[in-house]
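Please look over the sequence and the three-dimensional structure shown below before reading on. The briefing that follows goes through some of the features that can be found there, topic by topic.

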Amino acid sequence: MSLVLPAPRVRLSRDDFLMRLGVVALVVVLLLMVGLPLWTLLAKGFEDRDGHFVGLANYAAYFSTPALFISALNSFQVAAVCTVIVVPLAFLYAYALTRAVLPLRWLFQGIALIPIFAPSLLPGLALIYLFGNQGFFKAWLGGGQIYGFEGIVIAQVFYCFPHATLILVTALATADARLYEAADALGASKLRVFFTVTLPGAKYGVISAALVVFTLVITDFGVAKVIGGNFNVLATDVYKQVIGQQNFSMGAVVGMVLLAPAALAFGIDQLVQRKQVALLTARAVPLVPKPKAGRDLFFTLFCIAVSIGILAILGMAAWGSLIKYWPYNLSLTWANYKFETFDANGWDSYYNSLAMAAGAAIFGTALTFVGAWLTEKTRAFYLLRDLVRFLAFLPMAVPGLVLGLGYIFFFNAPSNPLNFLYATMAILVINTVAHFYTVGHLTAITALKQIDPEFEAVSASLKVPIWRTFMRVTAPICLPSILDIAIYLFVNGMTTVSSVIFLYSPDTKLASVAALNIEEAGTTAAAAALCIVIVLTSAAVKALHLLADRFLLGRLQAWRRR
Amino acid sequence: MSYLEVRNLQKRFGDITALGDISLDVAEGEFVCFLGPSGCGKTTLLRAIAGLDPQTAGTIQQKGLDVSRLPPAERDFGIVFQSYALFPNLTVADNVGYGLVSRRQARAAIAKRVAELLALVGLPDAGPRYPAQLSGGQQQRVALARALATAPGLLLLDEPLSALDARVRLRLRHEIKALQRTLGVTTIMVTHDQEEALTMADRIVVMNAGAIEQVGTPQDIYRKPATAFVADFVGSMNFLSGTLEAPERVKVGALALACPPQPGLATGTKVRFCIRPEDVRVRDLPADSINLLSAEVAELDFIGAFCRATLKAGEVSLLADFSSNLIRDLGVEQGRKLDIALPPDRVRVFAA
């Protein structure tokens with residue numbers, strides 16, 4: 001006898017109810033922060049200046065304006081060339097860090113990260129000092145000039161290098177020594193081992209690094225703004241259309257064109273990542289490089305050369321910021337750090353940046369971590385959890401400039417009850433959190449996946465509310481990852497230009513934007529000074545983080561020790 | 001009335017049926033093992049009983065109360081997972097007292113109860129240490145103490161011993177069983193280890209492909225397997241293919257072998273004639289023994305306490321376990337010819 005029974009629906013516990021409520025709230029917040037601004041932007045591209053629907057007219061106008069279309073080709077060209085240069089360079093550097101025995105390895109690793117702490121206009125400024133109209137080495141260019149394609153490429157290589165290196169170090173660090181021993185035992189040549197073991201193992205890392213560099217270059221705004229000269233790219237076009245010509249509809253169209261390659265690269269990366277299976281099983285033996293004179297010497301020299309390149313650009317900006325009147329009077333001065341001489345906001349823009357970055361770090365970390373926890377731990381409720389995942393992933397594919405533009409359209413609309421946020425510090429914080437949401441979300445998800453999935457089941461069986469387990473167990477265990485997210489948001493909050501350029505008001509101008517304005521007004525030295533202050537601040541915060549990790553966390557996390 | 005009544009329980013994941021129509025009763029104070037290969041649905045059934053992965057259809061009653069629709073937090077159970085799921089950042093004492101703190105008990109009362117529980121599991125001094133500082137077996141006991149702290153009516157153990165090495169596993173089997181007997185707590189344990197199930201359980205539920213194959217005492221399961229699957233999964237078994245010639249006779253190749261009466265099977269049915277290797281007799285065989293065969297030792301594998309012989313009787317090949325004594329006494333060796341008997345009362349017959 002087989003009874004057909006109606007499926008009993010399980011009643012929701014208090015925890016289930018609260019968590020579902022949390023997921024709903026998260027969806028609403030993410031829709032406001034990411035979904036609706038982008039939707040408004042999309043719609044704006046189909047309207048004329050007065051807000052009437054005009055279908056594809058703007059797009060038709062865009063593609064029939066040669067000047068605008070050429071920018072798109074320029075962007076692609078620059079991005080392609082940078083990718084071809086950065087990826088091999090970063091691969092060798094990452095290979096040196098992971099597979100060779102280097103003296104002062106930690107130092108080389110640290111130097112490679114420096115560009116992350118700088119706004120993207122810093123390398124542009126340094127190049128102006130070196131090769132600009134009054135640059136030291138202008139003669140080297142033999143009548144050519146640094147403003148334009150070459151300048152953008154060099155500055156972008158500097159700016160993208162750490163991003164590619166980080167990905168490739170991760171890809172190369174996860175190697176199984178047993179594969180190399182097997183290859184050795186089978187008598188494979190070094191070259192054959194490289195092409196059959198090393199490269200396949202790092203394949204996905206290489207693809208990922210290439211896509212990241214391509215996207216960074218195509219969406220970056222600071223470099224092209226400073227050193228692009230008459231060489232127009234998509235990112236500068238958006239700025240010109242919106243700020244210069246106040247043509248918001250055309251700005252939206254260029255924004256959508258800018259979104260396409262970034263979204264495409266992101267899509268490809270997702271497909272590739274899905275194919276990747278864990279190479280490092282629990283039984284793998286980590287590869288520890290053994291000393292080998294010739295190889296180690298080569299890679300040490302290589303790392304020194306790259307490090308000198310990075311330090312030269314940073315050092316040039318720092319030196320330039322201290323010089324009285326480049327290149328005629330090279331005596332040193334602090335005058336360029338008296339920002340009130342160059343910009344009405346003076347040092348206030350720096351304090352604004354500090355406040356904004358701190359706000360993004362605090363609120364952003366809380367939102368991303370709690371959000372990731374809700375997505376991971378809520379029982380059933382699949383549809384909305386998938387929606388959260390989608391919304392959390394979206395910002396990664398969206399250039400900051402595009403998101404910023406979406407914010408203008410969405411939050412500035414008089415009909416939006418949230419438009420009181422416009423031109424406040426809050427909107428800068430919200431925008432920055434949204435712009436950098438994905439990485440924090442993924443970091444939190446990874447951390448949460450590493451802890452035992454049965455903690456919540458145990459809590460339920462012991463009748464302990466789930467939020468209590470979150471506070472007492474989950475969050476403390478994930479503390480290192482939570483700090484990582486906070487630092488990531490802080491550093492990006494300090495350096496970001498692209499998404500906030502449309503959103504600041506005179507009172508809330510940020511240091512990175514001020515640097516751009518000062519540079520625009522022609523005072524390279526003060527712009528460099530402001531960039532250096534930003535670099536020092538983010539680097540100092542990162543250093544504090546490392547110290548805290550080593551000493552404070554060591555004490556708080558005694559339970560990790562065996 | 002039984003303590004736990006599972007009725008017509010079903011669990012589907014999309015088109016996949018993980019549990020098909022399971023009904024089961026567990027008496028109060030009983031120790032029941034769900035035994036089966038991986039993917040048989042034993043853990044799914046345990047998690048449905050806990051409310052962690054609710055069933056698609058069917059009901060569960062605990063102590064006369066229908067808990068089918070209750071979330072886990074409103075059911076009465078303690079659980080130990082294969083991973084133990086100890087909170088790594090809390091001390092052993094805080095782990096054990098985790099469920100007590102939220103019940104707003106006085107701090108001294110909690111401390112006393114924690115000490116009591118740690119003594120119960122044989123770790124009276126582990127309180128201030130962190131889980132990572134304990135061995136696997138010790139962590140297992142802490143998890144058990146934590147699950148028992150709130151004095152649940154039902155204790156659920158999900159493969160609690162499979163992450164431990166063999167020696168510790170053996171010792172903990174006895175300790176858990178003894179503890180369960182002392183406390184009298186109704187217990188369900190999921191395991192894929194038949195030896196574990198045989199030594200610990202009062203009753204075993206053998207599962208396969210989302211269905212129950214047999215429920216019975218360890219002796220029943222071992223001696224009288226109800227299906228070919230149970231016969232094969234629990235212990236070793238010779239399977240000889242043949243045809244049922246008469247209600248009490250199976251034709252295997254050229255041999256006609258006697259078996260217990262098979263009222264359920266029609267003559268002429270293709271069957272499998274089964275006997276366990278240790279039930280193959282060689283010593284003190286009367287000349288008129290039933291199922292007397294002459295066989296040759298084709299292979300002899302040394303296992304330790306006994307040897308497993310592969311015997312050839314005509315075209316039939318079967319395994320037999322011989323004790324070291326027997327091997328010495330009879331001088332069994334490869335190539336040796338032996339008379340063997342397959343006692344009909346030890347034989348099981350299943351439809352092929």
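## A buried helix in chain A

The buried residues of α10(A) pack against α3 (66-99), α8 (190-219), α9 (222-227), α11 (248-275) and α15 (400-412) of chain A. This is a predicted model, in which local features need pLDDT of at least 70 and side-chain atom pairs count only at pLDDT 80 or more, while totals for chains, interfaces and linings use all residues. Residues are numbered from 1 along each chain as its sequence is written, and chains are lettered from A and ligands numbered from 1 in the order in which they are written.

**Helix α10 of chain A**

- Helices (H or I, at least four residues) and strands (E, at least two) are DSSP runs, numbered from the N terminus.
- A residue is called buried if 20 or more other C-beta atoms lie within 10 Å of its own, exposed if 12 or fewer do, and partly exposed in between, with the C-beta atoms placed from the backbone.
- Helix α10 (residues 234-244) of chain A has 8 of its 11 residues buried, so it is largely enclosed by the rest of the structure.
- The buried residues of α10(A) are A:Leu234, A:Ala235, A:Thr236, A:Asp237, A:Val238, A:Tyr239, A:Gln241 and A:Val242.
- Just after α10(A), the residue A:Gln246 takes a positive phi of about 55°.

**The largest nonpolar core**

- A nonpolar core is a set of buried Ala, Val, Leu, Ile, Met, Phe, Trp, Tyr and Cys residues joined through C-beta atoms within 7 Å.
- The largest such core holds 278 residues, and those that touch the most other members are A:Leu125, A:Ala164, A:Leu168, A:Val213, A:Leu530 and A:Cys531.
- Helix α6 (residues 149-173) of chain A gives the largest share of this core, which is 14 residues.
- Two residues are in contact if their C-beta atoms, placed from the backbone, lie within 7 Å.
- Leaving out residues up to four places away in sequence, A:Val213 touches A:Cys82, A:Thr83, A:Val86, A:Val87, A:Cys160, A:His163 and A:Ala164.

**Two crossing helices in chain A**

- The axes of helix α13 (residues 348-377) and helix α20 (residues 479-495), both of chain A, come within 8 Å and cross at roughly 145°, where axes are lines fitted to C-alpha atoms, for helices over the stretch in contact, and angles run from 0 to 180 degrees between N-to-C directions.
- The residues of α13(A) that meet α20(A) include A:Ser353, A:Met356, A:Gly364 and A:Phe369, and their counterparts in α20(A) include A:Ile482, A:Leu489, A:Phe490 and A:Met494.
- By class, this contact has 12 nonpolar, 5 polar and no charged residues, where Ala, Val, Leu, Ile, Met, Phe, Trp, Tyr, Cys and Pro count as nonpolar, Asp, Glu, Lys and Arg as charged, and the others, Gly among them, as polar.

**Where chain A touches chain B**

- In this model, 29 residues of chain A are in contact with 33 residues of chain B.
- On the side of chain A that touches chain B, the elements that give two or more residues are α1 (14-44), α18 (455-461) and α19 (466-477) of chain A.
- The largest share of that side, 5 residues, comes from α18(A).
- By class, the side of chain A that touches chain B has 16 nonpolar, 3 polar and 10 charged residues.

**Chain B and its sheets**

- Chain B has 10 helices and 19 strands, and buried residues make up 42% of its 352 residues.
- Two strands pair if DSSP finds at least two bridges between them.
- One open sheet of chain B is formed by 6 strands in the order β6-β7-β8-β3-β9-β10, with mixed pairing.
- In that sheet β6 (78-80) and β10 (211-216) of chain B stand at the edges, each with a single partner strand, so one side of each is left without a neighbour in the sheet.
- Strand β9 (residues 203-208) of chain B and β10(B) pair in the antiparallel sense over 5 bridges, and B:Val205 stands opposite B:Val215 in β10(B).
- β9(B) and β10(B) form a hairpin with 2 residues between them, and B:Ala209 in the turn has a positive phi of about 50°.
- Another open sheet, of 5 strands, has the order β13-β12-β11-β14-β19 in chain B, with antiparallel pairing, and its twist averages 40° from one strand to the next.
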